[in-house]
Amino acid sequence: MSGIKKSLNTAVFVSGGGSNLQALIDAEKKGIIRSAKLCLVISSNPDAYALERARISEIPAFYIEGAEFEKKLDERLREFNIEFIVLAGFLKILSPDFCLKWKNRIINIHPSLIPAFCGKGFYGLKVHEACIERGCKISGATAHYVNHIPDGGAIILQKAVSVLEDDDAQSLQSRIMREAEWQILPQATEIVAKKLLEDNNGEIS
Ligand code: GRF
């Protein structure tokens, strides 16, 4: 049927190695993601390997430096007609105004079972160090909506991963990425993009 939008122009925000971006790229290629089209990658770090991953997959990618970050970001999002945002290892805190403007159209992956080990100061390896320190037997990852509270938005998907006796923060981080993050972020991206298309008959304001 002509006229019905089939996918949302989607931007992925990164800061590091980009393994979650790669999972999104691979999921789009395999047809696991059909309702979101990866059109743009934005990095807060000029040296992020995620930028190289975008280049290899021929996705336009830009580093945006700190000064007036959100002003420059808004320009890029308009330039590429972005309708949906996925944070994939993105370490910069977005302003409450930005989060409000993108309410229900921005999601994130966090490497713990929220509400455990989340919020201010809990990012990257720190999350897993705290988990090991506490003696947890189970951890995992959470895909959630982004709002003005760090890691505070509604939960979309979670996947649990066992913490092994001999785990350290690095081994736990690797297993959670492999067994949880790289599965639930693509799944959550498809769920939310599909819902946005259905709820708005494809017209995203
Ligand atoms: C991942 O563990 C993610 O959950 C966290 O930061 C890490 C980024 O990894 N936010 P990558 O850049 O996706 O490889």
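In this predicted model, a backbone N or O atom of Gly 17 lies 3.3 Å from an oxygen atom of the ligand, a polar contact being a pair of N or O atoms within 3.5 Å. Local features need pLDDT of at least 70 and side-chain atom pairs count only at pLDDT 80 or more, while totals for chains, interfaces and linings use all residues. Residues are numbered from 1 along each chain as its sequence is written, and side-chain values use heavy atoms, with hydrogens and water left out.

**Contacts of the ligand**
- The side chain of Ser 19 has an N or O atom 2.6 Å from an oxygen atom of the ligand, and for the side chain of Asn 20 the corresponding distance to a ligand oxygen is 2.9 Å.
- On its own the ligand has 360 Å² of accessible area, of which the protein covers 88% (Shrake-Rupley method with a 1.4 Å probe).

**Shell around the ligand**
- Among the residues that surround the ligand are Gly 89, Ile 109, Pro 111, Met 177 and Glu 181, where a residue counts if one of its heavy atoms lies within 4 Å.
- Helix 1 (19-29) and helix 6 (169-199) each supply at least two residues of this shell.

**The chain**
- The chain has 6 helices and 7 strands, taken as DSSP runs (H or I, at least four residues, for helices; E, at least two, for strands) and numbered from the N terminus.
- Along its principal axes, the C-alpha trace of the chain spans about 55 × 40 × 35 Å.

Conventions
Polar contact = N/O pair within 3.5 Å; in protein donor to acceptor, adjacent residues only side chain to side chain.
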